[in-house]
Amino acid sequence: MNGLLHIDISYNELRGSIPNSTTFKDAPIEALQGNKGLYGDVKGLLSCKALKSNKQALRTIWVVVVFPLLGFVALLISLIGLFFKFQRRKNDSQTQQSSPGNSRGLLSVLTFEGKIIYEEIIRATNDFDDEHCIGKGGQGSVYMSKLASGEIIAVKKFHSPLPGEMTFQQEFLNEVKALTEIWHRNIVKVYGFCLHVRHLFIVYEYFKMCSLAVILSNDAAAKNLGWTRRMNMIKGIVDALSYMHNDCFPPIVHRDISSKNVLLDFENEAHVSDFGIAKFLKPDSSNWTELAGTYGYVAPELAYTMKVTEKCDVYSFGVLALEVIKGKHPRDFISSMSFSSLNLNIALDEMLDPRLPTPSRNVHDKLISIVEVTISCVDENPESRPTMQKLVNVLGQTLQEQHVLDVETVRLCICASHFDHVLPGTDREPIFETILGIIFSIILAIASLKRIGYRSPCLCQGLSKAK
């Protein structure tokens, strides 16, 4: 290497440091070009110091930029994962709290711990002892079950089928299918079901207020159902049936709308129940079936045809709505009325429940409108009956909003319970409570009137349909 005078290593794609010799140092740049990987103390090449500086800069970039960036991305992914996990737990918690007293999460227990909840129901009802029975029907019996968490549920136990008999099992499966595919505020909520060799039962939301039939048959309880509450009940039932007929696919016909199958909650809001004989109207089927339903509510055309349509529910609803207004079954009124010569003012006087005070003029006018459309529901000709969607629109316009404001109820609720929470443990004079109750009642009434004034009929109809 010491005797070498000239060198030409151009275009050999060489890499690394050139030898520390005079020959390489004095070589022209043309003799070294074409070797991108060469470096050394020669003019035109990257010096060793610069190379070291570049490597240190690259390390600095990795340490200062890349590694922290990767750490930030990992932290961000972890936070997103924790957020979705927390959100899911929050949603589960809200679902569990959707029913009163649900401290253990009945839905999750029924979904994931069916054996545990089954054993607890058997224990709570003492293996379905009559002591815990709160109602009996053609399909089975309903029991009240208080779980260890303190939550109360209703359990509908179907009759045990006889060998070769599938009727009750079919009704059980039919009700499960209907209730697990629909969700509406005016339809009873189902929490779960059990298909066991010993038992067939469905777990429902529990209503302490019982059925509408029981309440109307009790004078004291019926007096608590004022005209406003009864009109809101009718509106709730209409909303539920309209949802089943128009918003479900295939449409569902209940086939057994009656006062015994309408349950009331603590706010006296109606909930349609008992879907054991419900019919799914399939477009590719004739929808013929056997006669079923409660006597006095069954549409008259089912006496000569077995084809089920939505108009069958419309007739049953008409009977039920008249029963709510009259306070008892309107069989005599329906059999004697003439659609052509019916005077609604006279009819309304005959229809009003005598256990309630005479309605105000405003309520009287609303009742006339409700009775008018309700009477059309019990027309013997199915084609002359309105659809449930039309009833939603008519009642929405009649009542102006989804629920009529009951000022007296609001005042009583405020006086009885609101101040117990707002001003606990304080000595309050009766006159003070009365004044504050009246003030709050006036405020709520004004707010309600404003909502009525600014809500268009189209919006009311859209909201009713959306339900």
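**Exercise 1. Describe the largest cavity: which residues line the largest cavity, and how do they divide by class?**

Solution. Step 1: the largest cavity is lined by Leu179, Ile182, Trp183, His184, Ile187, Val188, Lys189 and Val190. On a 1 Å grid over the protein atoms alone, a cavity is a set of points where a 1.4 Å probe fits but cannot get out, a pocket is an open set with protein on both sides within 12 Å along at least five of seven lines, and lining residues have an atom within 4 Å of a point.

Step 1: six of the lining residues are nonpolar, one is polar and one is charged. Here Ala, Val, Leu, Ile, Met, Phe, Trp, Tyr, Cys and Pro count as nonpolar, Asp, Glu, Lys and Arg as charged, and the others, Gly among them, as polar.

Step 2: the volume of the largest cavity is about 50 Å³, and the structure holds three cavities of 30 Å³ or more. A volume is the space filled by probe spheres set on the grid points, which are joined across faces, edges and corners.

The model is predicted: local features need pLDDT of at least 70, side-chain atom pairs count only at pLDDT 80 or more, and totals for chains, interfaces and linings use all residues. Residues are numbered from 1 along each chain as its sequence is written, and side-chain values use heavy atoms, with hydrogens and water left out.

**Exercise 2. State what the mean pLDDT of the chain is, and find where pLDDT stays under 50.**

Solution. Step 1: pLDDT, the predictor's confidence in each residue from 0 to 100, has a mean of 74 over the chain. A value of 70 or more is reached by 62% of the residues.

Step 1: residues 95-112 stay under 50, and the model gives them 28 contacts (heavy atoms within 4.5 Å) beyond four places in sequence. Residues 449-467 also stay under 50, with 23 such contacts.

Step 2: where pLDDT is low, the predicted coordinates should not be read in detail.

**Exercise 3. Describe the lining of the largest pocket: which strand gives the most to it?**

Solution. Step 1: the largest pocket holds about 790 Å³ of space. Its lining has 30 residues, and Val142, Lys260, Asn261, Leu263 and Asp274 lie nearest its centre.

Step 1: at least two lining residues come from each of strands E3 (133-136), E4 (140-146), E5 (152-158) and E7 (200-205). Strands (E, at least two residues) and helices (H or I, at least four) are DSSP runs, numbered from the N terminus. E3 gives the most, with three residues.

Step 2: by class, the lining has twelve nonpolar, ten polar and eight charged residues.

Step 3: Asp274 is in the loop between strand E10 (270-272) and strand E11 (279-280). Its phi is positive, about 60°, although Asp274 is not a glycine. Asp274 counts as buried because its relative accessible area is 18%; buried means under 20%, exposed over 50%, and partly exposed in between (1.4 Å probe, protein chains only).

**Exercise 4. Describe the largest nonpolar core: which of its residues touch the most other members?**

Solution. Step 1: a nonpolar core is a set of buried Ala, Val, Leu, Ile, Met, Phe, Trp, Tyr and Cys residues joined through side-chain atoms within 4.5 Å. The largest has 72 residues, and Leu212, Phe275, Phe317 and Ile325 touch the most other members. Apart from this core lies another, of 14 residues, including Tyr118, Phe128, Tyr191 and Phe201.

Step 1: Phe275 lies in the loop between E10 and E11 and is buried, at 0% relative accessibility. Beyond four places in sequence, Phe275 touches Asn174, Glu175, Ala178, Leu179, Ile182, Ile187, Met244 and His254.

Step 2: Phe317, with neighbours within four places left aside, contacts Ile234, Ile237, Val238, Leu241, Ile257, Cys377, Met388 and Leu391.
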